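Work through each task before reading its solution.

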Amino acid sequence: MADKSNIVLIGMPGAGKSTLGIVLAKILNKDFVDADLLIQNQSDKTLQKIIDALGPEGFIEVENAVLSGISATNSVISTGGSAIYSDEAMKHLAEIGIIVYLQISYDSLKTRLGDLQERGVVLKNGVSMSLHDLYDERKPLYEKYAQITVNVDDLTITAAARKVASTVE
């Protein structure tokens, strides 16, 4: 039987997956796994350098391989915002944990995010893609894979982490 002791966080860049994930792991007494850092460590490059070298599709292949290979237990796993482009990886994550979508409004996202090109964000349609285009493209995918959706708009990191903890406990 698959171990469902993991909490897998998905959501837009800037939704707080990494920061909230660390706080959530402390609240729930779990380990913390940052998938973006796993990708960087295994590739020995920053996310942006991988995207620059391989393009968006190449990055998604690397991300899929790394995510599909995660074998954590009793952990909070923070995925990159583009994890939802990899069906194989998302199926694997659903087998090893509960997938929680950190939902954020477009307006909150716009306020939180700086320059997309500097964040290592996968823009499938190239750098001309706007933040609104990215939001509209990814939102249905987050909703498709989410087992639990938690709206984190206007919440502090700690309040958002507590809200997530109360929904998964």
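**Exercise 1.** Which handedness does the crossing of helix 2 and helix 3 have, and which residues make the contact?

Solution. Step 1: the crossing of helix 2 and helix 3 is right-handed; a crossing is left-handed if the near helix is turned anticlockwise from the far one by less than a right angle, and right-handed if clockwise. Helices (H or I, at least four residues) and strands (E, at least two) are DSSP runs, numbered from the N terminus. This is a predicted model, in which local features need pLDDT of at least 70 and side-chain atom pairs count only at pLDDT 80 or more, while totals for chains, interfaces and linings use all residues. Residues are numbered from 1 along each chain as its sequence is written, and side-chain values use heavy atoms, with hydrogens and water left out.

Step 1: helix 2 contributes Ala35, Asp36, Leu38, Ile39, Gln40, Gln42 and Ser43, and helix 3 contributes Leu47, Ile50, Phe59, Val62, Glu63, Val66 and Leu67. Contact means heavy atoms within 4.5 Å.

Step 2: sorted by class, these are 9 nonpolar, 3 polar and 2 charged residues. Ala, Val, Leu, Ile, Met, Phe, Trp, Tyr, Cys and Pro count as nonpolar, Asp, Glu, Lys and Arg as charged, and the others, Gly among them, as polar.

Step 3: helix 2 (residues 35-43) packs against helix 3 at an angle of about 110 degrees, and their axes are 11 Å apart. Helix 2 is therefore roughly perpendicular to helix 3. Axes are lines fitted to C-alpha atoms, for helices over the stretch in contact, and angles run from 0 to 180 degrees between N-to-C directions. Angles under 35 degrees count as roughly parallel, over 145 as roughly antiparallel, 65 to 115 as roughly perpendicular and the rest as oblique.

**Exercise 2.** Describe how helix 3 packs against helix 4.

Solution. Step 1: the axes of helix 3 and helix 4 (residues 87-96) come within 8 Å and cross at roughly 20 degrees. The two helices are therefore roughly parallel.

Step 1: the crossing of helix 3 with helix 4 is left-handed.

Step 2: from helix 3, Asn64, Leu67 and Ser68 meet Glu88, Ala89, His92 and Leu93 of helix 4. By class there are 3 nonpolar, 3 polar and 1 charged residues in this contact.

**Exercise 3.** At what angle do helix 1 and helix 7 pack, and which residues meet?

Solution. Step 1: helix 1 (residues 17-28) and helix 7 (residues 157-168) pack at about 55 degrees, with their axes 9 Å apart. They are therefore oblique to each other, and their crossing is right-handed.

Step 1: helix 1 supplies Thr19, Leu20, Val23, Leu24, Ile27 and Leu28, while helix 7 supplies Ile157, Thr158, Ala160, Ala161, Arg162, Val164, Ala165 and Val168. The classes are 11 nonpolar, 2 polar and 1 charged.

**Exercise 4.** Which residues have the most contacts inside the largest nonpolar core?

Solution. Step 1: the largest nonpolar core has 56 residues, and Ile10, Leu20 and Leu24 have the most contacts inside it. Helix 3 (residues 47-68) gives the largest share of this core, 7 residues. A nonpolar core is a set of buried Ala, Val, Leu, Ile, Met, Phe, Trp, Tyr and Cys residues joined through side-chain atoms within 4.5 Å.

Step 1: not counting residues up to four places away in sequence, Leu20 touches Leu9, Leu102, Val152, Ile157, Ala160, Ala161 and Val164.

**Exercise 5.** Is phenylalanine 59 buried or exposed, and what does it touch?

Solution. Step 1: phenylalanine 59 lies in helix 3. Its relative accessible area is 2%, so it is buried; buried means under 20% relative accessible area, exposed over 50%, partly exposed in between (1.4 Å probe, protein chains only).

Step 1: leaving out residues up to four places away in sequence, phenylalanine 59 touches Ile39, Leu47, Ile50, Ile51, Leu54, Ser82 and Val122.

**Exercise 6.** Where do asparagine 29 and asparagine 74 lie, and what is the phi of each?

Solution. Step 1: most residues other than glycine have a negative phi. Asparagine 29 has a positive phi of about 55 degrees, and asparagine 74 has a positive phi of about 50 degrees.

Step 1: asparagine 29 is in the loop between helix 1 and strand 2 (31-34). With 65% relative accessibility, asparagine 29 counts as exposed.

Step 2: asparagine 74 is in the loop between helix 3 and strand 3 (75-78). At 33% relative accessibility, asparagine 74 counts as partly exposed.
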